[in-house]
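Visitor: Can you walk me through a couple of helices in this one? Keep it quick.

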Amino acid sequence: MQLRAEGIWKVGLGSGADAQAFEYYPRLKRVDEHVHGHLVEPIGLRKIAGVAHLEPKYFSRFFHHKVGLTFTGWLAAYRVERAAALLRERDQCVAEVAGRVGFRTSRALDRWFKRFRGVTPVQYKQMVRPR
């Protein structure tokens, strides 16, 4: 499954989010490609700022200004969208899905999932994969 930055805009991140920024700005395209390829790894601000060839402080402002979200919020939404896809496609436990999309714990996935989707991953799984 191909999930890129444009996929997260479906989760209702607000009108300020600009998916086209990832195509227009090469720095953001590199960030998207890096996240896509390293989703399960911890991705810190310093590391991702280096991918964009910017200082961390400037990267944060640049990202927020161009995308309309903080990098942390965008990354969490990206991971939630990937988790939702996995929950729809496969019968996996939430803890396993959390690890596969880069959340350190299933509790972190629960918190972010509920924030962006309005339901917990377990509730979502029951809705999309009824027994």
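Guide: The buried residues of helix 4 are covered by, among others, helix 1 (21-24), helix 2 (26-37), helix 3 (45-51) and helix 5 (71-89). Covering here rests on contact, heavy atoms within 4.5 Å. Helices are DSSP runs (H or I, at least four residues), numbered from the N terminus.

Visitor: What should I know about the model and the numbering?

Guide: This is a predicted model, where local features need pLDDT of at least 70, side-chain atom pairs count only at pLDDT 80 or more, and totals for chains, interfaces and linings use all residues. Residues are numbered from 1 along each chain as its sequence is written, and side-chain values use heavy atoms, with hydrogens and water left out.

Visitor: Which residues of helix 4 are buried?

Guide: Phe59, Phe62, Phe63 and Val67. Buried means under 20% relative accessible area, exposed over 50% (1.4 Å probe, protein chains only).

Visitor: Where do they sit around the axis of helix 4?

Guide: They fall within an arc of 100° seen down the axis, so they line one face of helix 4. The arc is taken from the directions from the helix axis to the C-beta atoms.

Visitor: And what is on the face turned away from the buried side of helix 4?

Guide: Exposed residues: Lys57, Arg61 and His65.

Visitor: What follows helix 4?

Guide: Gly68, with a positive phi near 95°.

Visitor: Switching to helix 8. Which residues are buried there?

Guide: Pro121, Tyr124 and Lys125, in a helix of residues 121-128. They cover an arc of only 100° around the axis, which puts them on the same side of helix 8. Gln126 and Met127 are exposed on the other side.

Visitor: What covers the buried residues of helix 8?

Guide: The cover includes helix 5, helix 6 (94-100) and helix 7 (106-117).

Terms used
Helix = DSSP H or I, 4+ residues; strand = E, 2+ residues; numbered from the N terminus.
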